[in-house]
Amino acid sequence: MHTRRPIIIANWKLNGGLDLLCTSVASFIGKHHEAEIVVCPPYIYIREMLNFLRHSEVFIGSQNVSKFESGAYTGETSAQMLKEAGCEFCLIGHSERRSMFRENNASCQIKVARALANKLTPVLCIGENEEQRDNQVTKDVLTRQLEESLEGIELTGDDICIAYEPVWAIGTGNAASPEIAQEVHQFIRQELTCLYGAETAQKIRLLYGGSVNKNNAKDLLSQQDIDGLLVGGASLDPDHFLAICQQATIQAEAQLV
Ligand code: PEP
């Protein structure tokens, strides 16, 4: 069994200002965490956040990446630019981008390829909506999202993260139960095993996202196939975010014993 380092990713979305965001991570400076911690600020704050976190082991991620490399694409930011700016991770295919900005599996596939080519770790977000869950087609939706978003993509396993974010759980306060989340994560790992083989699938870190907070983080993280959490709202609250990261650190330390 492969040991996967727990990872917590903060998705700050379109929230600021910089002071609030700095407060949310101030407690990480100068401290070592066994878990990997990543914050994804709005693009405009990436540089300042890197500077603020320079004495920490916190990584920076972007919330999106362009599917284009360069050229006349007003408002876009390429994977190469994000890497140059200091990003190590990038979210791809978040449900808000899929529902509000017409992203789909095909555009995600191009973005994943661009990220990998520029040595950014893609965090591919997948998940079913409420109607799909009610119609019991969750597994079909996830299979399709994985197959199409990863079509033709070669992976080693430690070069990508997959975030399972059921749309009905995002920002609703209605998180998936640890049991349901585990069942789905196990299914995702099975699908990845079909696509890439067991050795690679065992290395891929799977994150749960959707109304995570300091009260449910422990139970979610203790599930066998949940290797991390993608945190939206609660990552803006220093008390919640620190507690969530501490839980991941406890989990990581337990793996070392
Ligand atoms: C998200 O948007 O990625 C997310 C998980 O949000 P929240 O934690 O607020 O549900």
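Buried means under 20% relative accessible area, exposed over 50%, and partly exposed in between, with a 1.4 Å probe and protein chains only. The views show a predicted model, in which local features need pLDDT of at least 70, side-chain atom pairs count only at pLDDT 80 or more, and totals for chains, interfaces and linings use all residues. Residues are numbered from 1 along each chain as its sequence is written, and side-chain values use heavy atoms, with hydrogens and water left out.

**View A. Lys-119, in the loop between helix H5 (105-117) and strand E5 (121-126).** Lys-119 is not a glycine, yet its phi is positive, near 60°. With a relative accessible area of 65%, Lys-119 is exposed. Helices (H or I, at least four residues) and strands (E, at least two) are DSSP runs, numbered from the N terminus.

**View B. Ser-211, in the loop between strand E7 (205-209) and helix H10 (217-221).** Phi of Ser-211 is positive, near 60°, in a residue other than glycine. Ser-211 is buried, at a relative accessible area of 16%.

**View C. The cis peptide bond between Gly-16 and Gly-17.** Omega is about -10°. Gly-17 lies in the loop between strand E1 (7-11) and helix H1 (18-25).

**View D. Thr-200 in helix H9 (residues 198-203).** Thr-200 counts as buried because its relative accessibility is 12%. Leaving aside residues up to four places away in sequence, Thr-200 touches Leu-155, Thr-156 and Gly-157; contact means heavy atoms within 4.5 Å.
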